[in-house]
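Hello,

Here is the structure I promised to pass on. Have a look when you get a chance, and my notes follow below.

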Amino acid sequence: MRSAYGIGISVSVGLHTLLIAALVFGWESHQREFKPMPDFVQARVVALDSSAIKKQTPPPKDEAKQRRQRELERQRKAEADKARRAIEQEKKREAAQRRKQRAAEERARKEKARKEIQQQEQLEHQRRNAFDEALEEEQDLQAADINAQAVRSVAQAIQQRIEAVWNRPPSARNGMVAEVRIKFVPTGRVVSSNITKSSGNSSLDRSVLTAIRKVEVFPAVAELARKQPTLFERQVRTTQLIFRVEGLRQ
């Protein structure tokens, strides 16, 4: 039994040994058979521009200088822009000043023209006023003269009618003068009469008042009051007359 068991173990070990050897040797042969070929790399020499290399990779010692140059360039550009803006602002200011000056000159020109026109209009207005005033004055003078003539004419008519019925007293003497005030209504009727300056002879004064009462109504006064009521009110309603004794035989 023991010999049979030992034989079995030996056979099993031998088989495993053969299997392992077959696997080892078979794997190596397989690796040698399918070993991949190495890749070939093609090399090519490339010539680089030395200036490009310098630009791309500046030496550390030039970086500070380049920064300074860029900063100076930036400052120069900023100063140039500032100067340009200042020039533009100055041009704009000068243009605005010119526009303002032209506007002021235009306003002054218009104001001068307006004043000249106004002055001409004033002169023309003064000339027209002077002419109108002269014409009005002339018309007033003419009207005053006409009115004066009308008043004189009415006064003469009043005095003639009174003197036509005036009886001078025996005591009257040539040269005696009596002044009388007579008040009328628009109908020409006498409403009152009184001596304003005596002749010195009471009989003569009374004779004048008696003659006025005899006439009583004066048509010339009524006609003037109807045609020219204002003139009647101003100069005829109250009339002052002078009666003088003349032509008596002494």
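Leaving out residues up to four places away in sequence, which residues does Ser 207 touch? They are Trp 166, Asn 167 and Pro 169, where touching means heavy atoms within 4.5 Å.

A word on the basis: this is a predicted model, in which local features need pLDDT of at least 70, side-chain atom pairs count only at pLDDT 80 or more, and totals for chains, interfaces and linings use all residues. Residues are numbered from 1 along each chain as its sequence is written, and side-chain values use heavy atoms, with hydrogens and water left out.

Ser 207 sits in helix H4, residues 202-215; helices are DSSP runs of H or I with at least four residues, strands are runs of E with at least two, and both are numbered from the N terminus. With 10% relative accessibility, Ser 207 counts as buried, that is, under 20% relative accessible area with a 1.4 Å probe and protein chains only. Other buried residues of H4 include Leu 204, Val 208, Ala 211 and Val 215. At the start of this helix, a side-chain oxygen of Asn 201 comes to within 3.0 Å of the backbone nitrogen of Ser 203. Just after H4, Glu 216 has a positive phi of about 70°.

There is also an open, antiparallel sheet of three strands, ordered E2-E1-E3; strands pair if DSSP finds at least two bridges between them. E2 (190-197) and E3 (238-244) are at the edges with a single partner strand each, so one side of each has no neighbour in the sheet. E1 (residues 177-184) pairs with E2 over six bridges, and Lys 183 has Ser 192 in E2 as its bridge partner.

Best wishes

How values were computed:
Buried means under 20% relative accessible area, exposed over 50%, partly exposed in between (1.4 Å probe, protein chains only). A polar contact is a pair of N or O atoms within 3.5 Å; within protein, one must be able to donate a hydrogen and the other to accept it, and residues adjacent in sequence count only if both atoms are side-chain atoms.
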